[in-house]
Structures are given as structure tokens and as C-alpha cells.
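Here is a short briefing on one structure. Please look through the sequence and the model first.

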Amino acid sequence: MTSRPSPPRLASLMTQAPRVRRTPWIALAWLALILLGGVLSAGAALHVPFASLAPPSPIHPLGTDLLGRDVGLRLLAGGLRTLRMAAAATLIAAVLGSIWGLVAGHAGGWLEWILVHANDVLLSVPGLVLALVVIAALGQHEATIILAVGLGGVGSYARLARSAAAETSHRSFVLAARALGAGEVRLLQHHVFPNTLEALTAYALLHFGWALVNSASLTFLGLGGAPSIPDWGQMLNESRLVFLNAPWLAAAPGTALALTVLAVQRLGEWIAQP
Amino acid sequence: MRKFGARVLAAGLLSCGLLAACAAPPSTVSELHYGLTLVPTGLDPHINASSELGIPLRSVYDTLIFRDAQGRFVPGLARAWTISTDGLSYTFSLRAGVSFHDGTPFNGEAVRINLERILNPETKSQKARFMLGPLTRIEVLDALTVRLSLSEPFAPLLDALSQPYCGMASPTALAQWGDTDYQFHQVGTGPYRFVEYISGDHLTLERNPDYAWGPSIYNNRKAAVERIVFRFYADPATRAPALLSGEADVMGELPPQDALRLQQDPSFQLVPVPIPGQPLALYLNTQSPPTDDLSVRQALIASAGRQAIIDTIFGGLSPVATSPISSSTWGFVEVVPAAQDTARAEALLDEAGWLRAASSEWRVRNGTALTVEVVIPPWGFNPQVGQMLEQQWEALGIRVNLTQVASFAGLREAQAAGKYNLLSINLSGADPDLLRPFFVSDGSYNLSRVADAQLDTLLGEAARASDPAERLRLMAEAQQRVAALALVLPVRDYVNLNMARAGVEGLSYDAQGWFPLLIDVSLTEP
Amino acid sequence: MSLRTFLRRILGSLTTIWLVTTLVFFAIRLSHIDPLAALLGQGLASQAQAAEMRTALGLDRPLLQQYALFLSGLARGDLGRSLFDGQPVVRAIAQSLRFTAPLALSAWLLAIALGLALGSLASRASAWEAGRPARWLARLTSAALVLGTSTPVAWSGLLILWAAVPLLTGLHPGPARDVAQLALPTLTLGIASGCSLGRVAEAGLSRARREPFFIAARARGIGPLWRLEWSALRTTLAPVISLAGVEAAFLLGGTMVTETLFARPGVGRLLVESILRGDFPLVQAIVALMAAGYALFNLLADVLASSLDPRLREETE
């Protein structure tokens with residue numbers, strides 16, 4: 001552990017990237033499985049009742065739930081719904097947050113001051129609490145959960161966008177464009193935004209995992225409004241009541257959720273690398 | 001940094017170990033740990049409405065009268081009573097020699113103060129006030145006689161007076177603590193004294209050694225268990241673990257799967273108690289299509305496979321509900337057949353013009369698909385019941401949109417919006433008069449949006465009738481009318497699955513179903 | 001941090017808290033949730049009686065008037081009474097804080113210890129001087145950290161609850177049991193929070209490992225490793241501390257799921273119940289408290305970070 005490395009290695013160490021750039025095959029395979037499986041299971045009879053609370057067997061590899069429905073099929077269908085909700089929420093957060101932050105960072109002055117403080121207000125409320133208030137105000141549907149989770153993510157997005165924009169706005173090419181008479185909006189659109197896109201996209205992928213967990217937590221709390229459409233958070237919730245009799249019911253959605261977030265993170269890191 | 005963290009962890013574990021080694025030996029005072037479910041918003045029996053608070057307070061307060069298992073009224077703090085022929089006047093002769101836990105003597109004046117507190121709009125009573133109905137005046141005729149005057153006859157009054165919500169509290173304590181603080185310092189006359197209540201955490205009762213009498217429904221003269229500590233287990237998934245780890249000796253409202261499992265364990269005993277009142281039921285909206293059509297309503301009710309629901313979700317531990325009130329309620333008659341009849345349902349729908357089409361999986365009439373909106377709350381396995389009904393109705397070609405709201409407020413909101421076809425709310429109570437707000441045209445729970453003169457008359461008269469036989473007849477007719485109009489789909493009678501440790505003996509519940517008679521409980525091992 | 005900046009931050013925080021409270025005030029009142037519905041839940045009140053109650057609670061007054069009343073009460077220090085049990089809001093919150101505070105504090109401490117320990121372990125994945133097994137362990141730890149952040153607390157809490165049943169059996173009521181009952185939710189929250197802190201620490205430490213000073217020191221055999229890591233950590237402490245600050249505020253309020261699972265009547269659970277019941281005064285007060293907590297912890301974190309890392313100190317004007 002304390003042996004000295006030879007000098008040539010020393011020099012290369014300082015420039016070496018932290019991880020070897022390996023394609024994350026496992027992560028991609030998992031995500032493909034979830035997406036493909038979700039799409040293929042869309043037409044399947046999810047509601048057909050078999051024996052209630054049957055343990056995993058060759059016919060039902062993940063067992064059946066309280067109402068006798070095959071857990072594997074519900075898992076795949078639920079995966080698609082959960083992923084869709086998280087993706088929509090991330091999109092909302094990304095779009096709103098980027099606009100907010102870019103305008104703030106680029107504009108400077110009092111506009112920036114207002115936007116930053118408004119952002120602080122948003123960030124002051126913990127995500128779950130903000131989601132609850134939004135849902136209380138707007139009712140419980142899948143759409144409000146998406147909105148609630150999206151709004152919860154806007155704050156940190158805006159912060160990132162603002163610092164990226166502030167940094168870019170002071171670069172010489174922007175100053176030059178301004179000197180040449182370009183309007184502020186055009187500057188924002190054509191010069192600032194494209195240069196911050198990379199940072200924002202990278203963050204979006206990392207943020208997706210967060211959105212996934214949060215929307216699953218909200219459906220877990222029973223706020224999704226439509227109990228018959230499967231969803232991982234909801235399946236987790238249902239599994240709690242029969243834990244003594246069927247512990248395998250909790251394993252499937254929980255593990256699937258964790259593995260999916262892991263896979264998305266890995267994917268995000270891989271794409272984000274320069 | 002890592003070593004520092006490891007050191008902190010090690011220190012923590014060591015201190016835990018030391019504490020465990022010095023753990024207190026088992027208490028020599030006999031103590032029962034009772035698991036309650038929902039944390040009530042407040043614990044004042046005159047003010048708050050949850051059934052949870054009655055569980056401990058039934059034993060802290062005595063009431064003027066008590067109701068026995070057969071539904072008859074027996075003397076309590078009142079030795080005897082008479083009702084005037086016009087039903088407007090009730091005169092109670094009170095028991096002598098009773099005092100409250102703080103020494104204040106119990107007398108007619110105490111009764112007046114208690115009832116007036118309930119009736120006073122400033123008290124903001126959420127349940128007791130409405131249970132007393134048209135009670136207007138309480139007169140103290142002498143130290144041990146009171147007369148209650150009503151503005152119109154009200155048959156459920158005796159049942160109201162037998163419930164802990166109308167329990168007699170010490171006027172001294174009421175005056176001393178005021179409306180907001182009294183709930184933390186309650187004083188009654190019952191077999192147990194109120195010791196303390198830490199909101200949301202626990203409530204402690206201690207045996208009252210001076211309890212010298214008791215209504216005939218109590219088997220023991222004196223309580224056997226010295227201390228009872230109530231804790232809250234709002235989340236159903238936490239109740240079985242608490243029993244298994246010994247944290248609770250008795251647990252109420254155990255989920256059916258856990259109950260079935262623990263029943264097989266000889267160290268536990270299942271004490272199922274049918275709760276009078278309304279079963280888990282869905283109300284059909286007569287003003288929102290397609291349930292505005294009687295045939296559609298009848299088809300929905302006939303095709304619901306209630307026994308299958310009970311077997312799958314409730315482990316077969318409840319009876320199928322066959323009336324808008326449950327079979328353990330006084331006045332129950334069976335009006336909705338328990339058996340599923342899909343053939344009849346199909347015929348009804350065909351006759352109504354809702355035909356199966358080759359092009360769609362749903363029945364169609366004039367180009368629109370047969371769709372019903374169902375609204376359910378998240379508790380009591382309602383979501384699972386809703387999903388099973390959805391499966392059953394979809395097999396018939398009926399499209400179901402199932403929506404779940406998060407709270408009781410959400411249910412009321414849905415009720416006000418009126419866009420539902422079926423909605424599930426249910427209340428409990430031993431008197432069938434609780435049906436009235438559901439089925440009279442101006443009732444606050446008129447979920448069916450029905451305006452039927454016959455129901456208005458029947459239920460109104462039943463509330464005023466003083467002759468029990470007459471009341472029974474009227475209530476039977478009312479239930480039959482409700483079934484004829486297909487206003488409600490009753491699913492299952494509520495059975496409270498209480499589970500107790502094998503050493504707990506004598507656990508029984510009162511006529512309301514919810515409230516245990518703690519004076520009769522004893523422990524064979526402390 | 002200069003005094004002027006500090007005071008400016010305080011002022012900014014107060015404005016933020018006021019804005020948050022106002023927003024929530026209007027948001028919940030404009031929602032469909034009717035406090036009377038839950039209030040009269042099991043009661044059989046008629047429409048007339050319901051209207052009577054609404055007036056008594058002041059709910060039928062125009063919104064702006066209610067807001068003015070609320071502000072004047074706030075100035076007097078009166079946060080109002082709960083719409084449900086009439087308890088003063090301050091007392092209800094104080095009582096629930098008794099349960100949340102020890103949980104939040106111990107979970108936070110556990111999170112910091114766990115986060116730093118695991119983060120340091122995980123950062124060794126890129127350690128050039130470590131052997132293969134150490135690097136694999138590090139990668140595993142890194143994956144475990146992500147797993148920890150992506151697992152809903154509700155699920156991990158349930159697993160912990162069930163795993164603890166055999167441990168709790170036979171434990172008599174007393175101090176030992178109380179400690180055990182605090183330990184379970186602490187573990188649940190601490191692990192979740194610790195994993196998220198750990199990832200930030202891991203990122204920071206991996207970066208620090210590539211810094212010339214670190215490589216040079218290790219090459220010269222300077223140790224022990226942990227002391228070197230501590231000095232490296234100081235350079236990357238800022239994001240860790242600010243995240244720890246945010247986590248603290250989160251723990252204070254976002255413990256709702258854990259509190260329901262482990263039957264602790266804390267602030268988080270009180271907030272959810274109040275929102276669902278439409279208990280406006282309680283909701284406002286708790287959200288304001290959380291905003292204040294968030295602002296306070298952020299401020300403290302920034303002060304601490306700038307004192308530890310000279311690069312963050314402002315230049316004196």
C-alpha cells in the first residue's frame with residue numbers, strides 16, 4: 001500500500017479519468033427489459049384472478065397478490081407507468097427549471113435577485129411536503145403527482161441552470177455578440193442555452209432517479225388516485241398489509257425500483273463523461 | 001474519519017448493551033397493553049367523534065343507562081326512568097351514594113351540567129350534540145331526579161345516553177380545566193381512573209379502588225387489572241409485529257390475513273366482534289347516469305360477487321352484508337340477497353338497452369359505452385374491494401373508473417361534486433336511526449341523492465316512535481324500500497378482529513361493538 | 001463570513017419564510033379540502049348545524065380578511081388553535097417535536113458518520129495504490145450507496161420493523177425498550193440519509209484523490225490514510241456540509257413515513273394528517289417551521305463551510 005509507483009505512472013495518474021469508460025451493459029439490459037416488458041405486457045390480462053397469495057412457482061415466477069393477480073405481469077406494467085410518471089416529472093422540472101435559471105443567470109441585476117429568491121422559497125419546502133400541498137390543492141390524480149414531483153425538482157434545476165448561465169454569459173463570445181447588437185433573447189437562445197445544454201442534460205439523468213423514487217413514494221402513500229392501475233409505489237403499499245403471509249410481495253417492486261434507479265444513475269454517469 | 005465513526009458506533013452499541021443488561025425487571029403491578037388504531041383528533045367524549053376514544057373512556061365514565069347484548073336498556077347511574085306518553089319528557093331517578101374520582105358527589109345537578117355542556121354551541125361538540133337530537137331542556141327536580149324535555153319525540157335518545165359520548169364527568173373538573181384542557185384531565189365515576197394522556201403517544205388508566213357498584217352488564221364488581229396503557233398503531237401493517245414482539249397484549253382491527261395467521265398460534269386468541277351500524281357498502285347515485293336507471297343499479301348489485309370478495313380479502317371472517325345496516329344492528333332485516341346472480345344482471349342490462357357489441361369490450365347504448373365512476377376511501381381494504389368489483393363488473397361488459405381519495409374530507413368533496421356513480425362511506429352505531437341522514441331527501445349523507453316521500457316518512461316516523469315494535473316495523477319497511485329502489489350495494493358486515501395474547505381473559509365488548517368492558521378483563525400471567 | 005453578509009442572509013431568510021407561509025396559506029384555502037368534512041366525520045350534523053360550525057370557526061369570512069387576522073395573530077405571537085381539537089398550535093407542535101427531535105438528531109448523526117465512512121470507502125474504487133479486492137469492495141459500496149438512496153424509506157423501514165420483531169420479543173417495557181424503539185426509525189432514516197451524504201462524500205473524495213497534493217503525499221507514504229483523507233475532506237467539505245444542512249431540515253419534516261410506520265406521533269405525521277384534514281392553522285405553522293429550519297440550517301452550514309475552507313471565505317472589501 002505504501003510502495004512507490006514509478007514516475008511515468010505518476011504523471012498519467014494526474015490526468016487519468018476516474019473510471020474506465022466501459023459501456024454499462026448490465027444497466028442498459030435491465031432498462032431494456034423493463035421498457036420492453038412493460039410495452040409487451042400492455043395487452044395482457046392483468047386482472048385475471050388466480051389463487052390468492054400464491055408463493056413464487058414456475059407458473060407465477062413472482063407469485064400472486066391478495067387478489068390473485070400475477071405479480072410479474074403487474075410489475076412490468078407498473079414499471080412502465082412509474083417510469084412514465086418520473087420521465088414527465090423530470091421533463092417539467094428540466095424545462096421550467098432551465099428557463100428560470102437561464103433567465104436569472106443571464107439577466108443579472110434585480111431580475112436575477114427576484115428569481116433567485118423565489119427559487120429559495122420553492123426550495124425551502126421539503127419535496128414531499130410541497131407535493132402534498134400541491135396534491136391537496138389540485139386533487140389526486142396521476143397528473144397532479146407528476147406536477148408535484150416536477151415542481152419539487154424545479155428548484156435545484158434552476159440553481160444549476162443559473163450558475164451555468166452566469167458562467168457562460170461572461171464569456172467573451174457572448175460579450176462579443178452583444179457588442180455586435182444581438183438582442184437579449186437571441187443571446188439566450190442561440191449562445192447561452194446551447195453551451196449549458198450538456199450540464200443540464202447530465203443533471204436531468206441523475207435527477208430522473210430522484211423523480212422515480214419520489215413519485216413512487218407518493219403513490220405509496222395512496223395519493224395516486226387510481227388503485228387498479230399497477231404502479232410500483234402502490235404495489236409496495238399493498239404488500240405491507242400481507243407481509244406476514246407473503247413477504248415476497250414486497251421484494252419485487254422494491255428491488256425493481258432500486259435496480260432501475262441504479263441503472264439510470266449508471267447510464268447518466270456514462271453519458272455525462274466528457 | 002472512518003475510525004472516529006467506528007468509535008462512535010461502538011460506543012453507541014456498548015451503551016445499548018449496558019442498558020439492556022440493566023433492563024427493568026417485569027413490573028409486579030398487573031398491567032395490560034392495549035393497541036388502539038387511529039389517533040383521535042381529541043379525546044373529550046363530549047366534543048370529539050372518533051370511536052377510538054370510547055375504547056378507554058367506556059371504563060372511565062358511567063352513563064345514565066347501559067345497553068346490554070340483547071339491546072335492552074338497563075340501569076346505570078339512573079336507577080329507573082319513565083317516558084311521558086307524548087315522548088317529549090324523560091324523567092330519571094338517579095343512584096345515590098356515587099361520587100366522581102375526585103370526590104365530587106354525583107347528583108342531578110351534575111347531570112344537568114354535563115348535558116348542557118354537550119348542547120352548548122360554544123362547546124363545539126362534533127358528535128354527542130347531534131346524538132341528543134331535539135333535546136332542549138334539563139330540569140333538576142331534586143337532588144336525585146332530573147327531567148329531560150324534547151321539542152319532538154326522539155326514539156334514539158336512550159341509545160345516545162348509553163354511549164360514552166354522553167358519559168357523566170365531574171363538574172368540578174370541567175369547571176377547573178375548561179373545554180380545551182379537560183381532555184387531558186378527565187374525571188368520571190367508572191371502574192378505571194384516567195391518569196394521563198400524551199397526545200398521539202399513550203393513554204394510561206388505573207383501577208378505581210372505590211368503585212362500589214356497576215350495571216348488570218359488568219360481571220365483576222371490581223376491576224382485576226391494575227393498570228392499562230393504550231398505545232396507537234395507526235398503520236395496519238404495524239399491528240401484528242407489535243403483538244408478536246409482546247409490545248401489545250390486545251390489538252384491535254387486525255388485518256384479516258394477519259388474524260388468520262395468528263389464530264393458528266396457540267399463544268394468541270382471536271376475539272371477533274361484529275360491529276353494529278353500517279356495513280362496508282357503496283351508495284348508488286340516482287342522479288348521475290347510468291345509475292339513474294333502476295335496471296342498471298339492480299344489475300350492478302346482482303352481479304357483485306360479495307362472497308368471493310369476503311373470502312379473498314377478508315379471509316372469510318365477515319358475513320356478507322344483506323341490508324344497509326349490518327346484521328348485528330337492532331332492527332336489521334335481510335333485504336338484499338347474498339348470492340351473486342350474473343344471469344339476472346345480464347338480462348337486466350340487455351333489457352335496458354345496454355348491449356354487448358362486437359366492436360368493443362364494453363356494453364354500448366346509442367354509441368356510448370357503459371361506464372361507472374366509483375369513489376372509495378383508502379382505509380378498511382376499500383381499494384381492494386373496489387378492484388375486485390371492477391374485475392367482476394368488467395366481466396359483464398361494464399367499464400369501471402375507480403378513484404381513490406386520501407381522506408374523509410376527500411370523500412365529502414366527491415359527494416358534493418356529485419360526479420360519482422358509486423361512493424363508499426360507512427358509519428357505526430347501535431341505533432338504526434343512523435340510516436336517516438343517508439336516505440332522507442335533506443340528509444347530510446344523502447349519497448344516493450334520493451328524494452323519496454315514502455322513505456322520508458318512514459325514517460322520520462321511526463325516529464319519533466316510542467314503541468319498539470312500531471319502530472321495528474317502520475325500519476323494516478324502510479330497509480325494504482331502500483332495496484326496492486336499489487340505492488345501496490352492501491358488501492360485508494364489519495367485524496372487528498381483536499387479537500389478544502393467550503393470557504388475557506374475560507375480554508368482551510359492549511352493545512356498540514367497539515368498546516371493551518375492561519372491568520371484566522384479567523391476566524393470568526402479568 | 002462578515003457580519004453584514006450574515007445579517008443580510010437573516011433578512012433574506014425571514015422574507016423567504018414569510019413568502020412560503022403566505023403561499024401555503026392561500027394554496028390550502030383555495031383547495032377543495034373542507035375542514036368541516038373531517039371535523040363532522042362521524043357526526044350526523046345537518047346542513048344548518050354545519051353552517052353554524054363554519055361560522056364559529058371563522059371559515060366563512062373572505063380570504064383576505066382571514067389572512068389579515070392571521071398576520072395580526074402572528075404579530076402577537078399567537079399562531080392560533082387547531083381546527084380539530086382546539087389545542088393551541090404551539091402546544092401541538094411542541095408535543096410532536098418531542099418525538100421528532102430525538103429521532104431527527106440521532107438519524108442525522110448516524111447519517112453523517114455512515115456517510116463519511118461509506119463515502120470514503122467507496123472513493124477507493126479509483127485508488128491506484130489499493131489492491132484489487134479493496135477496489136471491488138469500494139465499487140460494491142458505491143453501488144450500495146446508490147441503492148440506499150433509491151430505496152423508499154417506507155419499504156426499508158418495513159423490512160427493519162419485521163427484522164426487529166425477534167429482537168424485541170421478550171424485551172420488557174423500560175429504558176431498554178425505549179432505546180430499541182428509537183433505534184429502529186433512526187436506523188431507517190439514518191441509512192437513507194447517510195447514503196445520500198455518502199455519495200456526495202464519495203464524489204468529493206475521489207476528486208481529491210486525484211489532486212496533486214494527495215498523490216504526492218501518498219507516494220511519500222504519509223499516513224495514516226484516514227488523516228490524509230480528513231485533510232482531503234476539508235477541501236471538499238463544503239458540498240458535504242451544505243447537504244448535511246439540507247438533510248437536517250429534511251429530517252425534521254420529512255420523517256412522515258417513518259413516523260407512521262413506527263407509530264411515533266411526530267411533526268411529519270402531524271403535517272400530513274393536518275393537510276388531509278384541512279387543519280389550516282397547523283399546516284401553516286408547520287410549513288413555516290420547516291422553512292425556518294431549512295433557512296437556519298443552510299445558514300449554519302454556510303458559516304461552517306466558510307470557516308473550514310478558506311477558499312469560500314469572502315474577500316474583505
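Is Thr141(C) buried or exposed? Thr141(C) counts as buried, at 9% relative accessibility. Buried means under 20% relative accessible area, exposed over 50%, and partly exposed in between (1.4 Å probe, protein chains only).

This is a predicted model, in which local features need pLDDT of at least 70, side-chain atom pairs count only at pLDDT 80 or more, and totals for chains, interfaces and linings use all residues. Residues are numbered from 1 along each chain as its sequence is written, chains are lettered from A and ligands numbered from 1 in the order in which they are written, and side-chain values use heavy atoms, with hydrogens and water left out.

**Chains A and C**

- Chain A has 10 helices and 0 strands. Helices (H or I, at least four residues) and strands (E, at least two) are DSSP runs, numbered from the N terminus.
- From the N terminus on, the elements of chain A read α-α-α-α-α-α-α-α-α-α.
- Chain A contains 274 residues, and 52% of them are buried.
- In chain A, 70% of the contacts with a separation of 6 or more involve residues 24 or more positions apart. Contact means heavy atoms within 4.5 Å.
- Chain C has 13 helices and 0 strands.
- Of the 317 residues in chain C, 54% are buried.
- For chain C, take the contacts between residues at least 6 apart in sequence: 74% of these join residues at least 24 apart.

**Inside chain C**

- Thr141(C) sits in helix 6 (residues 132-150) of chain C.
- Thr141(C) contacts Leu118(C), Leu121(C) and Ala122(C), leaving aside neighbours within four places in sequence.
- Leu116(C) belongs to helix 5 (residues 89-123) of chain C. Leu116(C) is buried, at a relative accessible area of 13%.
- How many residues apart in sequence are Leu116(C) and Leu36(C)? They are 80 residues apart in sequence, and their C-alpha atoms are 49 Å apart in space.

**Where chain A meets chain C**

- Helix 5 (residues 127-138) of chain A and helix 12 (residues 267-277) of chain C have axes that come within 10 Å and cross at roughly 10 degrees. Axes are lines fitted to C-alpha atoms, for helices over the stretch in contact, and angles run from 0 to 180 degrees between N-to-C directions.
- That crossing makes helix 5 of chain A roughly parallel to helix 12 of chain C. Angles under 35 degrees count as roughly parallel, over 145 as roughly antiparallel, 65 to 115 as roughly perpendicular and the rest as oblique.
- Helix 5 of chain A brings Val129(A), Leu132(A), Val133(A) and Ala136(A) to the contact. Helix 12 of chain C brings Leu271(C), Val272(C) and Ile275(C).
- The residues of this contact divide into 7 nonpolar, no polar and no charged. Ala, Val, Leu, Ile, Met, Phe, Trp, Tyr, Cys and Pro count as nonpolar, Asp, Glu, Lys and Arg as charged, and the others, Gly among them, as polar.

**Nonpolar cores**

- The largest nonpolar core has 134 residues. A nonpolar core is a set of buried Ala, Val, Leu, Ile, Met, Phe, Trp, Tyr and Cys residues joined through side-chain atoms within 4.5 Å.
- Which members touch the most other members of that core? They are Ile313(B), Val374(B), Trp393(B), Leu422(B) and Leu489(B).
- Val374(B) touches Leu282(B), Trp393(B), Val400(B), Asn401(B), Leu402(B), Thr403(B) and Leu422(B), not counting residues up to four places away in sequence.
- Another core, of 79 residues, lies apart from the largest one. Among its members are Val98(B), Ile118(B), Met168(B) and Tyr218(B).

**Backbone details**

- The peptide bond from Pro289(B) to Pro290(B) is cis, with omega near 0 degrees. Pro290(B) lies in the loop between strand 13 (280-284) and helix 9 (294-303) of chain B.
- Leu53(A) has a phi near 55 degrees, a positive value in a residue other than glycine. Leu53(A) sits in the loop between helix 2 (25-40) and helix 3 (71-107) of chain A. Leu53(A) counts as buried, at 16% relative accessibility.
- Phe381(B) has a phi near 65 degrees, also positive in a residue other than glycine. Its loop runs between strand 17 (371-376) and helix 12 (382-394) of chain B. Phe381(B) counts as buried, at 11% relative accessibility.

**Cysteines**

- The structure holds 0 disulfides over all chains. A disulfide is a pair of cysteine sulfur atoms within 2.5 Å.
- Cys166(B) is buried, with a relative accessible area of 0%.
- Cys195(C) is buried, at 5%.
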